[in-house]
Amino acid sequence: MAMLLRKMWESVSNRSSSGSNSNSPERFRCVDSPLGVFEQIPSDILIQILRLLGPKEAARLSLVCKAWRSLASDNRLWIYFLQTCQLEPWDTIFFAETNLRSGHPLPTLVGQMSQLSFKRIYGLREQVPGAVIIDGGSGYCKFGWSKYDSPSGRSATFLEFGNLESPMYTRLRHFFATIYNRMQVKPSTQPVIVSIPICHYDDTESAKASRRQLKEAICAALFDMNVPAVCAVNQATLALYAAKQTSGIAVNVGFQVTSIVPILNGKVMRKVGVEVVGLGAIKLTGFLRELMQRNNMNFESLYTVRTLKEELCYVAIDYEAELLKDTQASFEAAGEGWFTLSKERFQTGEILFQPRLAGLQAMGLHQAVALCMDHCHSAELAGDPDWFKTVVLSGGTACLPGLAERLDKELRDLLPPQLSSGIEVIPPPYGAETAWFGARTIGNLSTFPGPWCIKKKHFHKSRLNLIW
């Protein structure tokens, strides 16, 4: 094989150099010449050889002659290179390039798109400058570069950063400056993608004005720092993209509340209704603390309780049956020694479905999602009638083992057959960092930043056309 590759490359190099160093008619005959010594080799074998040569050499071969150009442009070859030479998984790349590359609004039917050239997509993705990604979060912010395989750091979310009495613009400037300093990146070098928590949930004029003011403050702060382009997308939509979906219901178990957000073709359907449950991660952590105190377990900080929640707690598929089981497990918390939990392990997460266990007057998670689905069904929106039946979970607390399975079970028990048929509940695809990875999917698109970002001059003209 090594000898064959050498022979092939010598043949190609000689023909390429003779073509480039001559203005004679032979040069043009070279361009239209067949595969020479490789003429008798089946195309599938030649594709295998090109795979071994790699993407750069395969691209060079396409300049030699029409036959090599046809062979080196084969989509199968470049799908292989996208599968093996790119940071993101192939299914994520395919989803992004077939659904997101044209920007917002998203195409309603993927079949309407022209035939893709994956050779071109590979080349464009290699040239994409990347983006700084700042996932605002509801409990803490995750930040990093889109070319990284994960966020590089965390900080307080911008909604809670700095002096809360200060104007939003001042706080945002301080927040973004801190992030760029920690990343050791000049703001002027790359576009930025900002993931914004769902807030001001209603479709009222006052809620619209509040969302607009927040977006304008974010963009103004970044453009005043000389950021070249800004893409602002809400966390719910990004969670859907991370799960390779453009429509569905995004359920974010946030720090203080849980939001249930219907999204159709990348757009939040506020007119259908965003449901909010006043139950979030901090309530679960507080309830576990209460259970531990009842059992005379001593601990130094709430951080220890949160760690135990993350390491030992889960959601029971059948709460009553779980009460009869031996569920004891132990974990060593740094600096505080060993802790052993039993029923507390599943009682903590149970308040998502039975808030009254913690003395809370609120809907259960399954009831809120079912209500949202009923609203979506009643709205009778154009397109796929089952668009709302995919439920994507996000947020750190949504990573509790068993939560997706329990929610699926409860929805099927609660909803009539015509609504429950076809439901799929997807656990957080990337854990607590799901929204960040959804933003990375956008930042590595072959067309980024073009259709997804707004530039400073357009911002001042339009005031404001961002994806929300």
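## Salt-bridge network

Arg101 and Glu97 meet through their side chains in a salt bridge, 3.3 Å from N to O (a side-chain nitrogen of Lys or Arg within 4 Å of a carboxyl oxygen of Asp or Glu). Arg101 is buried at 19% relative accessible area, and Glu97 is buried at 0% (buried is under 20% relative accessible area, exposed over 50%, partly exposed in between, with a 1.4 Å probe and protein chains only). Salt bridges link Glu88, Glu97, Arg101, Arg125 and Arg440 in a network.

## Model basis

This is a predicted model, in which local features need pLDDT of at least 70, side-chain atom pairs count only at pLDDT 80 or more, and totals for chains, interfaces and linings use all residues. Residues are numbered from 1 along each chain as its sequence is written, and side-chain values use heavy atoms, leaving out hydrogens and water.

The chain's average pLDDT (the predictor's confidence in each residue, from 0 to 100) is 88, and 88% of the residues score at least 70.

## Other salt bridges

The whole structure holds 18 salt bridges. In one of them, Lys244 pairs with Asp91, with the closest N and O atoms 3.7 Å apart. Lys244 is partly exposed at 30%, as is Asp91 at 41%.

Glu290 and Arg294 form another, at 2.5 Å from N to O.

## Asp224

Asp224 is partly exposed, at 40% relative accessibility. The side chains of Asp224 and Tyr169 are joined by a polar contact of 2.6 Å (a pair of N or O atoms within 3.5 Å; within protein, one must be able to donate a hydrogen and the other to accept it, and residues adjacent in sequence count only if both atoms are side-chain atoms).
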